[in-house]
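Biologist: Could you put the model up so that we can go through a few residues together?
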Amino acid sequence: MAVCGSRIAARQMAFTGTPRDHAILSATQTFYQSAATASSLARRDFEPDRPIGYGAFGVVWSVTDPRDGKRVALKKMPHVFQNLISCKRVYRELKMLFFFNHDNVLRALDILQPPHLDYFEEIYVVTELLQSDLHKIIVSPQSLSSDHVKVFLYQILRGLKYLHSAGILHRDIKPGNLLVNSNCILKICDFGLARLEEPDTNKHMTQEVITQYYRAPEILVGSKHYGSSVDVWSVGCIFAELLGRRILFQAQSPVTQLNLITDLLGTPSMEDMKYACDGAKAHLLRSPHKPPCLSALYSLSTQATHEAVHLLSRMLVFNPDKRISCTDALTHPYLEEGRLRYHTCMCRCCHNTAAGRQYTSDFEPAAPQRFSSEFEDGLCSVHEVKEALHTFITDRHQGNSVPLCINPQSAAFKSFASSSVASASELPPTPQPWE
């Protein structure tokens, strides 16, 4: 089942001197290193710290945790406090990362001590490290079997069910935000655009979410409110991409994106257009009527069986009210083999015993409680968010293990220190073609 190669040994560097001289991370206790860790580090060459990805609000590096010698991911969030919306999103993402406890959702392992409040401008969070992501796998020449597709899709839906049960909308599900290990374990990452579901349908929600190729039609047609169905649409697009090894709806503009969707699904009925703004309705009604062409899904690949196309067609539904949920999708017969493979040899919730495999009583657990956004209440200025974030990070270090800090003596420090991405305020707004 392995689809990610092991790290290329030829590109690793054997450093002279102590690891502390070269690693970006260091422990605040100068000589912190257990005997077991020191022995382990001495036996192997050291992999250099290096950038591995860029998210909505930060850059991610692969680094070594000096406390145990394990490789981890270090996410740098620069320019956090430029505006209220941006810093509240960062605060929300951090709270979520420490809230999560699910094998298919990336979680935070640690967070670096902040400087004094007056100099607090960047945040560094440590998470689990995975070797690749689904985008790299899809565009690679390596073949993907039907088992690969099923076990990947199963894990995406399993993690997404957990998020939705906690009341969280991811709002940027795409192959690049689905991390994968060499043993095919998959974790959903990058919660920079995530938020809680909004129960009040009269409250408007931003449309500047979800990479266009995976954007649900209700957002494309200007709906001011949406729910967890937007994530399910994105999963359907990824499912088709896994089968066909190409992006299903790849357009240069939101209007063309909508046209590609209606080419496949047909012209929506008036009922299915109930969430569309007037401009989008006018565009759809004045265009030539299109019949549905879902049979085209069979041409994605030889793996597009009747069961696969049936599940895919339940995800790719124009009307979000009629779109299948993650919970119901997980009961579809197509995923039975993916569930069996995952829980037979991949998961951590089931265990081998002398009597055989002991399976968990709940294969797809929901979150034990909903994520609360009460921490955001009353935060009306950038300074208030900054103080709250500083307190949150500082409190996490009370009585915990040896804290981590940045090592400015690292060989890669200059490159890491200068790495940055555009902040939320600098990102171009999503075009609104119907206004």
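Modeller: Before we start, helices (H or I, at least four residues) and strands (E, at least two) are DSSP runs, numbered from the N terminus. This is a predicted model, in which local features need pLDDT of at least 70 and side-chain atom pairs count only at pLDDT 80 or more, while totals for chains, interfaces and linings use all residues. Residues are numbered from 1 along each chain as its sequence is written, and side-chain values use heavy atoms, with hydrogens and water left out.

Biologist: Fine, where does Lys-75 lie?
Modeller: Lys-75 lies in strand β4, which covers residues 71–77, and UniProt, in an unreviewed entry, places the feature "binding site" at Lys-75. UniProt positions are given here in the numbering used for the model, with feature names shortened, and such annotations may be inferred rather than shown by experiment.

Biologist: And is Lys-75 buried or exposed?
Modeller: Lys-75 counts as buried because its relative accessible area is 9%; buried means under 20%, exposed over 50% and partly exposed in between, using a 1.4 Å probe and protein chains only.

Biologist: What is Lys-75 in contact with?
Modeller: Taking contact as heavy atoms within 4.5 Å, and leaving aside neighbours within four places in sequence, Lys-75 is in contact with residues including Glu-93, Tyr-124 and Asp-190. The side chains of Lys-75 and Glu-93 are also joined by a polar contact of 2.8 Å, that is, a pair of N or O atoms within 3.5 Å where, within protein, one must be able to donate a hydrogen and the other to accept it, and residues adjacent in sequence count only if both atoms are side-chain atoms.

Biologist: Switching topic, where is Lys-290?
Modeller: Lys-290 is in the loop between α8 (278–286) and α9 (306–315), and it counts as buried because its relative accessibility is 19%. The side chain of Lys-290 reaches the backbone oxygen of Asn-259 at 3.2 Å, and, not counting residues up to four places away in sequence, Lys-290 touches Asn-259, Thr-262, Asp-263, Gly-266 and Thr-267.

Biologist: Then which residues of α7 are buried?
Modeller: The buried residues of α7 (residues 254–265) are Pro-254, Gln-257, Leu-258, Ile-261, Thr-262, Leu-264 and Leu-265. They lie on the same side of α7, because they cover an arc of only 160 degrees around the axis, the arc being that of the directions from the helix axis to the C-beta atoms.

Biologist: What covers the buried residues of α7?
Modeller: The cover includes α5 (217–220), α6 (229–244) and α8. After α7 comes Gly-266, with a positive phi near 90 degrees.

Methods
Expected span 1.5 Å × (residues − 1).
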